[in-house]
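Take a look at the model below. This report walks through a few of its parts, one at a time.

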Amino acid sequence: MVSFLVEPLQVALTLLLAPGLVGLVRLLKARLQGRRGAPVRQPYRELVKLFGKERVVSRNASWIFHATPFVVLGTTLVVALLVPLLAAPLPLDGVGDLVVVAYLLLLGTFFLALAGLDPGSAFGGMGASREMTIAALAEPTLALAIFALAVGAGSTNLGRIVARTLSDPVETLGPGHVMAFAALAIVMIAECGRLPVDNPATHLELTMIHEAMLLEYSGPHLALLEWAGHMKFFLFLALISNLAFPWGVAVRPGPVALAIAVLALAVKVVLLAVGLAFLETQVAKLRLFRVPELLAVSFLLALLAVTTSFLVR
Amino acid sequence: MIGLLPMITTYLAGSAAAIALPGDRGRRVAQALAGAGALLGLATALSVIGSGKAAVFDLPSSVPALGLAFRLDALGAFFLALIGLVAVPAAIYADAYTKEEAPPSGTPGKAAPRSGRLAGATLNLFLLAMSLVVSAANVLAFLFAWEAMSLASYLLVVGDGEKAESVSAGRWYAGMAHAGFGLIAAAFFLLAARAGGDGFETIRSLSSSPGPALRNVVFLLALLGFGSKAGIVPLHVWLPRAHPAAPSHVSALMSGAMLPIGVYGLLRVGLDLLGGGPPWWGGVVLALGAVSALKGVLYALTEQDLKRLLAYSSIENLGIVFMGIGIGFVFHGHGRADLAAVALAAGLYHALNHAAFKGLLFLGSGAVLKATGTRNLEEMGGLIKRMPQTAACFLVGAAAIAALPPLNGFASEWLLLQVFMAGASLPEGLTAALMALAVGTLALAGGLAAACFVKAFGIPFLALPRSRAAEEAREVAGSMRFAMIALAAACALLGLAPSVVMSFLARVLGGMPGVDAGGALFRPGSVLEAPQGSSRIAPPLLALCLIVVIAALVVGLRLLGVRGRTRLVETWGCGRTVQTSRMEITSMAFAEPLRRVFAGLYRPTKDLTIGFHPESKYFVRSITYRSRIRSWFEEDLYRSFYDLLRPLAASGRLIQSGSVHLYLAYIVAALLIFLLLGRWL
């Protein structure tokens with residue numbers, strides 16, 4: 001009975017906690033940079049404010065522009081249904097695996113890029129072009145990192161990967177594991193538009209990528225897209241932490257186990273977020289044409305991870 | 001059981017009607033009969049696959065070696081079904097599409113209906129020839145149908161021969177098709193000579209007897225010959241020329257149905273007649289497929305001509321099909337019958353999906369061409385408002401080809417990724433490690449395809465029109481929209497019902513030697529399962545989740561009272577008050593970042609001319625920027641071939657006098673020489 005509540009609980013947690021996580025990273029970065037920073041609850045306030053405003057929409061925009069916020073948030077929520085945040089395996093385990101998660105996120109990116117082109121603004125087109133460039137180059141890395149994890153577990157099924165790490169930690173946690181997660185972390189930075197690939201805090205015309213596509217959005221539409229962005233960030237961190245270090249995930253969901261799982265997830269994600277805040281204060285944004293080099297490094301890491309898993313075999 | 005005869009007679013009647021009936025009626029009746037013939041073919045194919053009994057049709061001859069035998073088995077029926085899937089909508093579409101297509105510069109009036117009637121007749125012959133290729137049961141019938149298929153499609157590409165582009169494309173196509181034909185004929189003759197008969201049955205029963213050297217030669221000849229038809233790099237050069245030159249419904253047929261016939265040939269010869277071979281056969285196919293997939297999508301990305309973009313994308317998709325077939329051959333060579341079945345199924349599944357979405361996209365590009373009169377992406381824009389239904393169908397096709405869930409492209413690419421992951425469990429370390437590269441290649445091709453089709457949909461359909469023609473575009477005729485909607489529905493259904501497709505494929509592959517299709521493929525329920533059950537997805541449930549979640553979002557926002565008035569304004573222009581289409585990103589600019597990343601491959605040329613004011617160079621009058629990329633690899637390869645062949649061809653001119661009598665003498669002499677050779681050898 002409890003097991004059927006796990007997935008609604010995951011979705012609710014993602015919806016509620018994601019803006020707070022972003023607020024935390026922003027606050028940490030501000031403090032590290034010697035600023036005072038806005039409180040953690042600031043992203044919630046922004047969302048509430050945006051939901052109360054009117055939509056200012058370009059005359060040139062078509063239905064794609066209006067549908068995109070719902071598609072992007074919808075795909076992110078379905079990812080929240082599939083990813084083992086609190087328990088593994090989930091009731092909807094057979095609906096989709098890790099590959100499905102990757103391609104669902106690509107579906108969101110695809111529509112976001114179309115929405116960037118839709119109003120005919122120069123910035124939106126530029127952002128769409130850059131976003132698709134990075135998404136295309138991140139795709140092989142992501143697939144190889146998935147491959148490295150799957151070779152160990154013998155499956156791309158999320159529940160099985162988690163179960164395998166839990167049951168056989170000594171064998172799994174080798175150098176291949178570490179490299180696969182380093183590769184996944186670089187993919188996360190690229191996909192979520194964090195430094196050094198994209199600067200989430202900038203509206204500087206020539207460097208923005210993600211923001212450029214959202215430039216024409218306002219009001220509730222913008223709120224949905226911002227929220228989806230926060231959630232994508234949260235889900236990526238949660239996915240990485242639960243695949244790399246699944247302890248705490250409920251194997252037999254009960255009230256106590258789930259409470260522990262929520263707590264463990266919070267600790268892991270906050271730790272990763274602190275690490276990211278440190279990284280982002282240390283590095284500067286890369287030129288767009290240096291980003292492929294970063295992704296090539298990540299690709300090599302993933303390739304080495306796969307090769308290592310063969311050597312260990 | 002319908003048999004092959006009704007289909008054949010319908011096509012022949014269509015051809016005859018086009019020539020016999022006067023005026024525009026001939027064209028319309030021919031196209032209607034082409035559709036009917038394709039429908040009959042589809043029904044035959046489905047009944048053959050369903051019943052497992054082959055449809056037979058023989059044309060005996062008084063000379064025993066000259067009989068034509070046709071026997072449609074399950075493998076051939078799969079490809080006949082694929083032809084039907086594209087040909088039925090294409091024939092419906094053709095009626096309105098080919099109407100009054102009098103070229104504005106050419107002679108108006110009588111010329112158009114006549115060429116329309118000829119095209120109708122050729123269309124029927126083309127469909128008939130394709131259907132006969134996949135049902136041929138002896139070497140002579142196969143080669144005869146194959147040549148007829150090449151010639152008919154050549155005529156369709158060249159059209160009335162008034163456009164220089166079509167003529168040049170036709171020349172490339174004819175050259176490559178005939179070189180391929182020569183290789184295929186050589187492969188078949190080697191086999192038939194060794195087997196002592198030209199029936200496929202005879203060859204099959206003796207397939208193990210030829211030595212490994214001969215088998216390797218036959219396989220490589222067949223791979224090159226069929227690869228040139230499938231558009232595999234580096235034999236693809238005809239494809240980006242021929243597809244754009246042909247009328248759009250023919251492009252859809254050539255890309256969706258004719259290219260996979262190359263795959264059919266490879267499976268028929270490599271797996272059925274030769275009974276499979278060593279794993280390196282598959283390795284070669286896999287490598288060629290991987291190169292084609294990457295090369296195809298990279299060139300599609302930088303293309304500004306919508307139909308040529310789709311043609312390059314066909315190279316990519318056939319490359320993906322070849323990757324599946326190749327890994328299937330590898331598993332087959334290692335004696336893994338269960339894995340081989342899933343790998344081959346993944347390849348064929350992708351071929352089926354490609355037929356649906358590429359047929360749809362070519363029909364969509366034809367609708368755009370009909371409405372705007374241009375194939376140049378830089379002159380389109382804003383068509384989603386003027387052609388909403390075409391735009392929606394094109395979007396479905398673009399999302400399907402970009403492998404986005406829950407559409408069909410995702411299902412086959414997911415299965416192929418799973419096959420590669422299963423390949424990593426092979427005991428052979430090298431093969432297993434190469435699987436990682438195959439996964440990387442497939443994922444990169446998928447990512448680049450997503451970027452490419454954001455451009456292919458976004459630039460023509462979104463934002464402001466970039467030309468007068470795009471501004472005045474109108475939605476196309478209802479029958480054309482119907483054809484596109486049917487194919488869009490096929491894209492969705494093929495993705496949502498993978499278990500139906502897989503049970504279908506289990507029957508198709510069931511008869512292949514060394515392929516265990518029964519247990520490995522079919523799963524009840526709407527589930528697609530990875531080899532050995534290591535992972536599974538349920539696309540219908542996934543689609544349901546997406547729909548429910550999005551509906552919940554919409555309703556939830558309503559209930560929470562988030563209404564938000566909508567105010568329509570100009571796009572923000574940094575203070576400029578009027579937005580024009582010149583401020584939009586262009587098709588070329590969209591691909592610019594990836595063009596720079598892969599500059600080593602594209603080797604772009606730049607040509608910048610600045611016209612200064614005569615008084616002062618601080619005033620610029622005009623700037624011309626020209627940049628093009630060239631496929632240097634093929635150009636260099638074919639150039640060296642050409643340089644080699646040209647002196648030979650020139651010396652061959654010595655015997656060409658133009659006298660018919662002399663040519664007759666040559667024929668007699670050649671016949672005598674071959675008879676004598678046959679006696680002695």
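Predicted model: local features only at pLDDT ≥ 70, side-chain atom pairs only at ≥ 80, totals over all residues.

In chain B, the axes of helix 12 (residues 306-333) and helix 17 (residues 429-461) come within 11 Å and cross at roughly 160 degrees. An angle over 145 degrees counts as roughly antiparallel, so helix 12 of chain B is roughly antiparallel to helix 17 of chain B. Their crossing is left-handed.

Which residues make the contact? Helix 12 of chain B brings B:L306, B:L309, B:S313, B:E316, B:I320, B:M323 and B:V330. Helix 17 of chain B brings B:T431, B:A438, B:L442, B:A445, B:A449, B:C452, B:A456 and B:P460.

In an α-helix there are 3.6 residues a turn, so residues three or four places apart point the same way.

## Where the chains touch

Chain B has 67 residues in contact with 70 residues of chain A. Several elements of chain B each supply at least two residues to this side, including helix 16 (408-423), helix 22 (539-559) and helix 23 (587-597). Strand 5 (566-569) of chain B is also one of them. Helix 17 of chain B gives the most, with 16 residues.

## Checking a helix

Helix 6 (residues 164-195) of chain B has 32 residues. At 1.5 Å a residue, helix 6 of chain B should span 46 Å, and its end C-alpha atoms are 46 Å apart, which agrees. Next comes B:G196, with a positive phi near 75 degrees.

## A pair of strands

Strand 6 (residues 605-612) and strand 7 (residues 620-628) of chain B run antiparallel, joined by eight bridges. B:G611 has B:S622 of strand 7 as its bridge partner.

Is strand 6 of chain B well covered or hardly covered? It is hardly covered: of its eight residues, the count of buried ones is zero.

Note on methods
Residues numbered from 1 in each chain as written. Chains lettered and ligands numbered in written order. Buried ≥ 20, exposed ≤ 12 C-beta atoms within 10 Å, placed from the backbone. Helix = DSSP H or I, 4+ residues; strand = E, 2+ residues; numbered from the N terminus. Pairing = 2+ DSSP bridges. Expected span 1.5 Å × (residues − 1). Axes fitted to C-alpha atoms, helices over the stretch in contact; angles between N-to-C directions. Parallel < 35°, antiparallel > 145°, perpendicular 65-115°, else oblique. Left-handed = near helix turned anticlockwise from the far one by under 90°. Contact = placed C-beta atoms within 7 Å.
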